[in-house]
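Visitor: Could you take me through this model, one question at a time?

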Amino acid sequence: MPTFLEVQFKDKDQAKALGARWDGAAKKWYVPDGKELTPFNAWLPVALRGAAQPSVTSSALTPAVESGTDVEPAKKGMTLSQLLAGVAQAVTQAFKSGVWTMVEVVEARTKNGHVYLELSERTPDGSVLATARATLWATTANKILPEFERATGATIAPGIKLLVRAKPVFKAQYGFSIEIDAIDPEYTLGDLEARKREIRTRLQQEGIYDANKKLPAPWDFNAVLVVAPQGAAGLGDFQAEATRLERFGICRFVYATSRFQGEGAANEIKAALQSALENWRESGMPSPDAIVIIRGGGAVNDLAWLNDYELAKVICTMKVPVLTGIGHERDNTILDEVSNIRFDTPSKVATGIEQVIKRRVDEAKASFALLSNLAMRAVNSARGRLDRDFTVLQAGAVRQVATARQHTQALLSEVRHETYQQLAEAKREVPALFSEIRVEAGNVVNTARKLTGNRLEAIRDRAAVDLLRSRESVRQ
């Protein structure tokens with residue numbers, strides 16, 4: 001007659017591996033007739049457990065007995081499955097309930113709703129002290145993981161540290177593993193916060209924690225260096241805003257990409273940033289107005305890779321303001337704390353840059369309007385003074401013209417009066433002058449006549465003499 005077992009769903013694979021069979025009518029697993037019950041002791045009805053247990057804990061578990069100095073083979077052995085079933089029973093008896101255990105996740109994968117983990121314990125320098133496989137069965141995972149994620153904002157992924165209620169399980173077919181049935185979210189939150197607190201304290205002790213934050217915020221943006229994960233959605237959101245500024249030649253953006261999560265991500269970010277700055281200097285360009293570090297949202301433990309002391313130190317000692325847009329509004333990393341300006345999301349960083357540029361444009365417009373108004377007032381004031389001066393000059397000129405006209409009229413009157421007087425005097429003097437002129441002219445004429453007559457007589461006399469001489473000469 002078969003022996004029915006009380007097998008829970010999570011143990012069905014182990015029971016099946018040991019040889020149990022499923023009875024569809026009874027809806028139970030059973031041990032076929034003639035099969036050893038010892039491996040199934042954990043699932044036997046209470047009344048049968050005592051009878052089956054001695055065979056497991058008896059000398060049958062001892063593969064050999066000593067006789068003097070020689071080791072003799074056991075007279076009666078057991079199968080490997082029986083041996084491992086005994087180990088499984090011993091583990092079950094030793095750990096009848098889960099034990100709260102601190103672990104670090106090395107690997108996590110999901111299959112058919114079950115979560116399979118690789119766990120480890122490491123020293124501060126990274127040396128491995130212990131490793132184990134662990135499982136969250138689907139029913140347990142569906143119950144505890146949503147609560148854990150809601151409380152911490154983190155997901156079960158490599159690198160996260162957990163405080164789990166772990167029950168060691170040994171199965172003959174699969175070996176040793178741990179079954180997890182509870183996770184304490186407070187421990188994970190405390191670990192993440194403790195890591196940030198340790199970094200924060202070191203930076204404060206070195207006096208550089210707020211060095212970048214004390215730098216003057218960028219007054220304007222002409223060139224910006226952006227560090228982000230390649231192809232990430234956050235980078236796409238940023239570029240959607242930044243491309244418009246670049247298209248119109250307002251601001252230039254240079255991009256450097258790196259992994260932002262996983263082992264070694266912080267070192268890659270640091271190397272990408274330093275390499276980009278070195279290339280920037282070699283190109284001969286002026287220093288960037290700002291360095292932007294962005295990545296889209298994610299689980300808290302995904303962002304926790306950015307809580308790195310060396311990376312935070314590089315940000316603190318930068319001589320250029322650093323702007324961060326990491327995750328969402330609720331997220332906070334040590335890079336956000338030490339940066340010059342922290343934005344909630346990558347797109348808000350681009351919007352912030354655009355707003356600063358717009359403020360400068362608005363200020364330039366306001367200054368131009370102010371200068372235009374001042375210039376217009378100066379022109380209007382000068383025009384008013386010119387109009388007043390012109391009016392004064394015009395009035396003065398009219399007065400001067402009027403005065404000149406009056407003076408001219410007076411002079412004309414005087415000239416006219418003088419002219420009349422001179423004409424009158426001339427009229428009075430002209431007859432006498434004419435008489436004098438006639439007398440003088442007559443005297444001159446008479447004198448001329450006398451002289452002419454005398455000269456004419458002399459000419460006649462000489463001509464007569466010359467004629468006589470000529471005649472004499474001719475006669476001779």
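Predicted model: local features only at pLDDT ≥ 70, side-chain atom pairs only at ≥ 80, totals over all residues.

Visitor: In what order do the strands of the closed barrel run?
Guide: The barrel is built from five strands with mixed pairing, and neighbouring strands in this sheet are turned against each other by 50° on average, direction ignored. Strands E6 (residues 99–111) and E9 (residues 161–171) run antiparallel and are joined by six bridges. The order of the closed barrel is E6-E7-E8-E10-E9.

Visitor: Which residue in E9 is the bridge partner of valine 103?
Guide: Strand E6 spans residues 99–111 and is bridged to E9, which covers residues 161–171, while H5 lies across E6, E9 and strand E10 and runs at about 130° to E9. Within E9, the bridge partner of valine 103 is leucine 162.

Visitor: Which strands stand at the edges of the open sheet of three strands?
Guide: This open sheet has antiparallel pairing and the order E1-E3-E2, and E2 pairs with E3 over three bridges, with arginine 21 standing opposite tyrosine 30 in E3. A strand that has a single partner is left without a neighbour on one side, so the edges are taken by E1 and E2.

Visitor: How many residues apart in sequence are the parts that phenylalanine 4 and tyrosine 30 tie together?
Guide: The two rings form an edge-to-face pair, at 6.2 Å centre to centre and with 65° between the planes, and phenylalanine 4 counts as partly exposed at 28% relative accessibility. Because phenylalanine 4 lies in strand E1 and tyrosine 30 in strand E3, the separation in sequence of the parts they tie together is 26 residues.

Visitor: Is phenylalanine 238 buried or exposed?
Guide: Phenylalanine 238 forms an edge-to-face pair with phenylalanine 253, at 5.7 Å centre to centre and 85° between the planes, and ring pairs link Phe238, Phe253 and Tyr255 into a cluster. Since buried means under 20% relative accessible area, phenylalanine 238, at 0%, counts as buried.

Visitor: Which residues touch the most other members of the largest nonpolar core?
Guide: This core holds 32 residues, and the elements that give two or more residues to it include helix H5, helix H7 and strand E13. Isoleucine 291 touches, among others, Leu225, Leu273 and Leu323, not counting residues up to four places away in sequence. The residues that touch the most other members are Leu203, Leu273, Ile291, Ile293 and Leu335.

Definitions and conventions:
Residues numbered from 1 in each chain as written. Heavy atoms only, no water. Core = buried A, V, L, I, M, F, W, Y, C linked by side-chain atoms within 4.5 Å. Buried < 20%, exposed > 50% of the residue type's maximum accessible area, 1.4 Å probe, protein only. Helix = DSSP H or I, 4+ residues; strand = E, 2+ residues; numbered from the N terminus. Contact = heavy atoms within 4.5 Å. Pairing = 2+ DSSP bridges. Axes fitted to C-alpha atoms, helices over the stretch in contact; angles between N-to-C directions. Phe/Tyr/Trp six-rings, centres within 6.5 Å; stacked < 30°, edge-to-face > 60°.
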